[in-house]
Amino acid sequence: MKHILCYVVLSIIGIFICEQIWAREDAERQRVIVIDAGHRGKAYPGAVYGGVKEKDINLAVALKLGALIEKELPNAKVVYTRKTDTALGQSLNEDLSARANIANKAEGDLFISIHANAAKNTSVKGAETLIMGESEKETRYNEDALYDNHKDELIDMSDENTAAMVRAYIQNLQFTYGEYSEMMARIMQSHYGKGGRTVRKVKRQLLKVLYATDMPSVLTELGFMTNKSELAYMSSEKGQNGYARMLCNAVKEYVGHINRLAGGVAEVLPTEPTAPTQKQEQKQEQPAKTEQKEVVKEPAKVAEKPK
């Protein structure tokens, strides 16, 4: 009986030691960051205002972001979906699939798609980050912001079979990458605010490219090209460097949190930044301070994506 008890105790100790070693190895392993510069080529330039093309802003910020990550996160590997104005497919669907395939083949730990926004109201401004999901009906149809430059990139939910499959996947996100994606989105919004940008809310959208990537994924809108001041900032060297710095700081914070979570350390993260008041926007002041911090639990174990 004593021999059995000793065996059980030693087995438990052995398992505990192995788990600690595995956790340490996971925390120290190379993190793969996939950077996606939205749009490309003559057929899909994205939004175009004042002679400025969205695809060019996206690519410039993406390349600057990648360079900063490679310099400041030596244990991270940067993978680009494109580094030039090259078409990735004959059609938009092929292009979006190619972007996701690049990310999945690289076994990315994080996918960041960079875009710029547009709106009917030219006074609308601010940076926002989208994650995979379905927003409330009234929100989808009554927002001021236009997603005309992304409408073909949204999943068509008119087909019942497609809608059922996508909603099952969204439901399953709580067991896979959903919490990680939302964590990164909120960190990014926090750093936009710290960088002096107007901060909008984290939103859920049925985006094809986020649906097809098997990793935590976000699509960030740097600002509104229909707003003259934001367009001037986004298209300037100073602005593009600024966005790259904000996003790099967000990536560094996210990777730090993930590494500590892998090591079993409890984390405290900021909640989503509050939106600036109308008075603040008129004075072009910095966005409102973030709310009190909340504890973010370690996300659940990854489950397979439904077929």
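Is Y243 buried or exposed? Y243 is buried, with a relative accessible area of 0%. Here buried means under 20% relative accessible area, exposed means over 50%, and partly exposed lies in between, with a 1.4 Å probe and protein chains only.

1. **Basis of the model.** This is a predicted model, in which local features need pLDDT of at least 70 and side-chain atom pairs count only at pLDDT 80 or more, while totals for chains, interfaces and linings use all residues. Residues are numbered from 1 along each chain as its sequence is written, and side-chain values use heavy atoms, with hydrogens and water left out.

2. **Confidence.** The pLDDT is the predictor's confidence in each residue, from 0 to 100. The protein averages a pLDDT of 76, and 62% of the residues score at least 70. For residues 137-149 the pLDDT is below 50, and this stretch has 25 contacts in the model beyond near neighbours in sequence. Residues 277-307 also have a pLDDT below 50, with 65 contacts beyond near neighbours in sequence. A contact means heavy atoms within 4.5 Å.

3. **Overall make-up.** The protein has ten helices and eleven strands. These are DSSP runs numbered from the N terminus: helices are H or I with at least four residues, strands are E with at least two. Of the 307 residues, 49% count as buried. The protein exposes about 16200 Å², of which carbon and sulfur atoms supply 53%; accessible areas come from the Shrake-Rupley method with a 1.4 Å probe, and for residues only the protein chains shown count as cover. Among contacts between residues at least 6 apart in sequence, 80% join residues at least 24 apart.

4. **Two aromatic pairs.** The structure holds two aromatic pairs. The ring centres of Y192 and Y243 are 6.3 Å apart and the planes stand at 80 degrees, so this pair is edge-to-face. Y192 belongs to helix α6 (residues 178-194) and Y243 to helix α9 (residues 237-262), so the pair ties together parts that are 51 residues apart in sequence. Y192 is buried, with a relative accessible area of 0%. Rings of Phe, Tyr and Trp (its six-membered ring) pair if their centres lie within 6.5 Å; planes under 30 degrees apart count as stacked, over 60 as edge-to-face and the rest as tilted.

5. Y243 is buried, at 0% relative accessible area. The rings of Y233 and Y243 have centres 5.4 Å apart and planes at 70 degrees, so this pair is edge-to-face. Y233 sits in helix α8 (residues 228-234) and Y243 in helix α9, so the pair ties together parts that are ten residues apart in sequence. Y233 is buried, and so is Y243. Y192, Y233 and Y243 form one aromatic cluster. R197 lies over the face of Y233, at 4.0 Å from the ring centre; a charge sits over a ring if NZ of Lys or CZ of Arg is within 6 Å of the ring centre and within 35 degrees of the ring normal.

6. **Helix α3.** Helix α3 (residues 92-105) contains N93. The helix has 14 residues and reaches 20 Å from its first C-alpha to its last, close to the 20 Å expected at 1.5 Å a residue. The expected span is 1.5 Å times one less than the number of residues. Buried residues of α3 include L92, D95, L96, R99 and A103. An α-helix has 3.6 residues a turn, so residues three or four places apart point the same way. The cover over the buried residues of α3 includes β1 (31-37), β5 (110-119) and α7 (208-212). N93 counts as partly exposed, at 43% relative accessibility. N93 and K208 are 115 residues apart in sequence and 8.5 Å apart in space, C-alpha to C-alpha.

7. **Helix α2.** Helix α2 (residues 54-72) has 19 residues and reaches 27 Å from its first C-alpha to its last, close to the 27 Å expected at 1.5 Å a residue. Among its buried residues are I57, L59, V61, L65, L68 and I69.

8. **Positive phi.** E107 has a positive phi of about 55 degrees although it is not a glycine. E107 is placed in the loop between α3 and β5 and counts as exposed, at 63% relative accessibility. H39, also a residue other than glycine, has a positive phi near 70 degrees. H39 is found in the loop between β1 and β2 (48-49) and counts as buried, at 6% relative accessibility.
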